[in-house]
Amino acid sequence: MNTCKKFMIRVDNAICRRLIDAADEIKDKKICGQSLVKYVPSVFRDDKNGIGSTGSQSTSYVILKRIFSHVELKEEDNFIDVGCGKGRVLAYLIDQKCPCSLHGIEINPESGKIAVEWTKKYDNVTVEIGDAFLIDYDRYSVLFLGRPFLPKTFLSFIEKLESTVTHPITFIYWVDQQSGYLLKDRPGWNMQFREVLRRINGIRIAYCPQSYSVWTYKPKKTV
Ligand SMILES: C[S@@+](CC[C@H](N)C(=O)[O-])C[C@H]1O[C@@H](n2cnc3c(N)ncnc32)[C@H](O)[C@@H]1O
């Protein structure tokens, strides 16, 4: 790609980012009483070795609307956002009057405290500040991951999940392009849907296309 084209994409991306953030901020304030737009850097990240966590960038409402159009949450479900940041995914689901219980876990106290604080007023929502590797996933039926981990850490997480879950789960992976392939051909995992997003309603959603996939995981020994 030539320099001029790259420059045009950068400008387009910067303008679209501002538009998306402005729209998100209005929704955040309505649902959470505060903006969740601010980026919070990672607590630990080693890109060279593919280990650690990403920073907390909230997923935009337009993207969440698109992703959740492929997932039906029922009253009996138990949903968790693994690495919930400031709680944008929970905010989206609250706004959609999602009928099931909603949970979030976040390792970074700076982001986690924000999510804990604003979710207090909602009965069906809980947020914990802690390490996603230390909780029991057998309690949950639907997991959302907005690329919380670098690839090697993601693989360790999947291994942990497989060793603890005893019932079928739905697994939603947003920004799966770096490590989503690790789920392919793993026993028990089936991809239900995948989409590469460039623009939504004509608005560029990121500098590079971003993709998400919806999976089901059925453990061998299903209870
Ligand atoms: C890109 S943000 C996504 C935030 C939110 N899920 C969303 O989509 O709006 C990823 C988050 O995962 C968190 N995270 C990374 N590793 C974690 C871990 N081991 N336990 C809990 N949270 C973690 C990061 O601190 C970061 O806030």
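**Figure 1. Secondary-structure elements around the ligand.** The helix α3 (88–95) and the strands β4 (101–106) and β6 (142–146) each contribute at least two residues to the shell around the ligand; helices (H or I, at least four residues) and strands (E, at least two) are DSSP runs numbered from the N terminus. The model is predicted, so local features need pLDDT of at least 70 and side-chain atom pairs count only at pLDDT 80 or more, whereas totals for chains, interfaces and linings use all residues. Residues are numbered from 1 along each chain as its sequence is written, and side-chain values use heavy atoms, with hydrogens and water left out. Among the 25 residues around the ligand, T59, G83, E106, D131 and A132 come nearest (a residue is near if one of its heavy atoms lies within 4 Å). The shell comprises nine nonpolar, 12 polar and four charged residues; Ala, Val, Leu, Ile, Met, Phe, Trp, Tyr, Cys and Pro count as nonpolar, Asp, Glu, Lys and Arg as charged, and the others, Gly among them, as polar.

Figure 2. A polar side-chain atom of E106 is 2.6 Å from an oxygen atom of the ligand (a polar contact is a pair of N or O atoms within 3.5 Å). A polar backbone atom of G83 lies 2.8 Å from a ligand nitrogen atom. For A132, a backbone N or O atom is 2.8 Å from a nitrogen atom of the ligand. The ligand taken alone exposes 600 Å², of which the protein buries 96% (Shrake-Rupley method, 1.4 Å probe).

**Figure 3. The largest pocket.** The ligand takes up the space of the largest pocket; a molecule sits in a pocket if more than half of its atoms lie within 2 Å of its grid points. On a 1 Å grid over the protein atoms alone, a pocket is an open set of points where a 1.4 Å probe fits, with protein on both sides within 12 Å along at least five of seven lines, and lining residues have an atom within 4 Å of a point. Its volume is about 970 Å³, a volume being the space filled by probe spheres set on the points. Of the 45 lining residues, T54, G55, Q57, G146 and R147 lie nearest the centre of the largest pocket. The lining includes at least two residues from each of α1 (3–32), α3, β4 and β6.

**Figure 4. The second largest pocket.** This pocket holds about 230 Å³ of space. I20, A23, D24, Y61 and V62 lie nearest its centre among 13 lining residues. Two or more lining residues come from each of α1 and α2 (61–68), and α1 gives the most, with five residues.

Key:
Polar contact = N/O pair within 3.5 Å; in protein donor to acceptor, adjacent residues only side chain to side chain.
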